Amino acid sequence: MTDKLKPCPFCGGEAKIEWEAWIEFRNPYGVYRLTVRHKPECFFVQMNGMNNKSEMISNDEKTLIETWNRRTGEQE
């Protein structure tokens, strides 16, 4: 497994992960947010009827990277 994020398989849009910190009841916590900037002509964007940005969140950065980077037909 590599920690490098793959681009969108449909348009090559760049993916990035950022930590989003939250504070509730004086206890800090947060999530990892994976954001992908898709190109306007992207199949994924058109299929889902969204703007040019899609997001996934997780408490575990490694799982988020592995989930995004998984591609059908590729061997690990």
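Q: What makes the pairing of R33 with E20 a salt bridge?
A: A salt bridge is a side-chain nitrogen of Lys or Arg within 4 Å of a carboxyl oxygen of Asp or Glu. In this predicted model, where local features need pLDDT of at least 70, side-chain atom pairs count only at pLDDT 80 or more, and totals for chains, interfaces and linings use all residues, the closest N and O atoms of R33 and E20 are 2.7 Å apart, and therefore the pair meets the criterion of within 4 Å. Residues are numbered from 1 along each chain as its sequence is written, and side-chain values use heavy atoms, with hydrogens and water left out.

Q: Which parts does the pair of R33 and E20 tie together?
A: R33 lies in strand β2 (residues 27–37) and E20 in strand β1 (residues 15–24), so the pair links parts that are 13 residues apart in sequence; strands are DSSP runs of E of at least two residues, and helices are runs of H or I of at least four, numbered from the N terminus.

Q: Why is R33 called buried?
A: Buried means under 20% relative accessible area, exposed over 50%, and partly exposed in between (1.4 Å probe, protein chains only); R33 has 19% relative accessibility and therefore counts as buried, whereas E20, at 27%, counts as partly exposed.
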